Amino acid sequence: MAVYGYVCSDSFKIDDLDRALFTSGCREVFDDFVINTVAPGPGWRKLLCTVRSGDTVRIADWDNLSRDRKTAEFITTALTDLDVKVEMF
């Protein structure tokens with residue numbers, strides 16, 4: 001079981017969040033630098049191709065995860081449907 005990180009942000013603090021997730025023990029951190037979009041980006045798609053049942057995903061900067069509640073629910077539901085634990089960081 002591995003721990004991965006995911007950051008979705010529209011600011012340059014994305015590097016600080018990546019670093020914090022690595023420091024917390026994440027094996028790999030996937031990120032999307034997004035501006036004015038509601039769809040998960042390429043980092044999200046890479047994360048989904050990487051995680052396996054029993055893994056954990058730490059999500060940094062929950063407020064920037066998506067621009068609407070439905071997309072945030074989709075992201076967390078997609079992970080839990082894969083039997084992946086979701087942690088807010």
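Mentor: Start with Glu-87 and Lys-85, whose side chains meet in a salt bridge at 3.5 Å, N to O. A salt bridge here is a side-chain nitrogen of Lys or Arg within 4 Å of a carboxyl oxygen of Asp or Glu. This is a predicted model: local features need pLDDT of at least 70, and side-chain atom pairs count only at pLDDT 80 or more, while totals for chains, interfaces and linings use all residues. Residues are numbered from 1 along each chain as its sequence is written, and side-chain values use heavy atoms, with hydrogens and water left out.

The side chains of Lys-85 and Glu-87 are also joined by a polar contact of 3.5 Å. That term covers N or O atoms within 3.5 Å; within protein, one must be able to donate a hydrogen and the other to accept it, and residues adjacent in sequence count only if both atoms are side-chain atoms.

Lys-85 sits in strand E4, residues 85-88. Helices (H or I, at least four residues) and strands (E, at least two) are DSSP runs numbered from the N terminus. Beyond its neighbours within four places in sequence, Lys-85 contacts Asp-55, Thr-56 and Val-57; contact means heavy atoms within 4.5 Å. Its C-alpha also lies 7.0 Å from that of Gly-54, 31 residues away in sequence.

Now the other partner. Glu-87 forms a salt bridge with Arg-58 as well, at 2.8 Å, N to O. Glu-87 lies in strand E4 and Arg-58 in strand E3, so this pair ties together parts 29 residues apart in sequence. Arg-58 is buried, with a relative accessible area of 16%. Glu-87 is partly exposed, at 21%. The cut-offs are under 20% for buried, over 50% for exposed and partly exposed in between (1.4 Å probe, protein chains only).

The structure holds 3 salt bridges. One of them joins Asp-16 and Arg-19, with the closest N and O atoms 2.7 Å apart. These two are 3 residues apart in helix H1 (residues 14-23), about one helical turn.

Leu-47 touches Val-57, Tyr-4, Tyr-6 and Phe-30, not counting residues up to four places away.

Two aromatic pairs complete the view. Rings of Phe, Tyr and Trp (its six-membered ring) pair if their centres lie within 6.5 Å; planes under 30 degrees apart count as stacked, over 60 as edge-to-face and the rest as tilted. Tyr-4 and Phe-30 are tilted, at 6.0 Å centre to centre and 50° between the planes. They link strand E1 to strand E2 (residues 28-33), 26 residues apart. Tyr-6 and Trp-44 have centres 5.8 Å apart and planes at 65°, so this pair is edge-to-face. It links strand E1 with helix H2, 38 residues apart. Tyr-6 and Trp-44 are both buried.
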